Amino acid sequence: MDSKQSLQGAIVSFIERQRNSLSSIPSVIVIGGGISGIAAAQTLHNASYEVVLLESRDRLGGRIHTDYSFGCPVDMGASWLHGACNENPLAPLICRLGLTLYRTSGDDSVLYDHDLESCILFDMDGCQVPQEMVVEVGETFKKILKETENVRNEHCDDMSVLQAISIVLDRHPELRQEGLANEVLQWYICRMEAWFAVDADMISLKSWDQRRFSQPNPTPFHTDNLSAIQITANPVLHE
């Protein structure tokens, strides 16, 4: 029996058990054993649902995965807590697990948790960009972001960070960059996009640098609850 048939059989078996059960407990199938799926399963379990968690891989965690095949731990997915660590929803879980946190720089801001100015850049011809330029454009980028605060305060309606940057550059042409320096500036913007996993024209000017979450005291995830959740994990399915 291949993996696909095993997965289908598990689903059918679960449904049949529910039909034959006299219990009135509601049941839910959660597809995907990444952090969202696990959190959803925990929430449903806490609400007295009977939960089956299905995962196509032979492990849980989704994109959160550490590879030890090189003889040392290498994070293949998540590795940083973005923003203020004591307000990140994952912080309670990390504390419960007793994991060690390391600060990647002395900067507590939302964006600069590690020093982008220390990165070594190369142009399209393979030549290294002068480090002085990387540092100078980095300082200019910080000034641009600082000026976007004025744009935010002047407008009641939200707009994208990219639109705000355009307004700032129109007002302060001295902050504009040309040639290679402009390419470095675009790199800084790209790093910001990577940080938020979205294009700059989709990043909210109102909230991109806010430290407060809508739920400042999220319920910690309890790993003990996994024992009460039926988990079916299989290798990746192939036709």
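Across the whole structure, a search finds two aromatic pairs; rings of Phe, Tyr and Trp (its six-membered ring) pair if their centres lie within 6.5 Å, and planes under 30 degrees apart count as stacked, over 60 as edge-to-face and the rest as tilted. Phe 141 and Tyr 188 form a tilted pair, 5.7 Å centre to centre with 35° between the planes. This pair links distant parts of the chain, 47 residues apart: Phe 141 lies in helix H4 (residues 131–154) and Tyr 188 in helix H6 (residues 179–196). The rings of Trp 187 and Tyr 188 form an edge-to-face pair, because their centres are 5.0 Å apart and their planes stand at 75°.

The model is predicted: local features need pLDDT of at least 70, side-chain atom pairs count only at pLDDT 80 or more, and totals for chains, interfaces and linings use all residues. Residues are numbered from 1 along each chain as its sequence is written, and side-chain values use heavy atoms, with hydrogens and water left out. Helices (H or I, at least four residues) and strands (E, at least two) are DSSP runs, numbered from the N terminus.

Phe 141 counts as buried at 1% relative accessibility, and Tyr 188 counts as buried at 0%. Buried means under 20% relative accessible area, exposed over 50%, and partly exposed in between (1.4 Å probe, protein chains only).

Leu 90 is found in the loop between strand E4 (74–75) and helix H3 (91–97).
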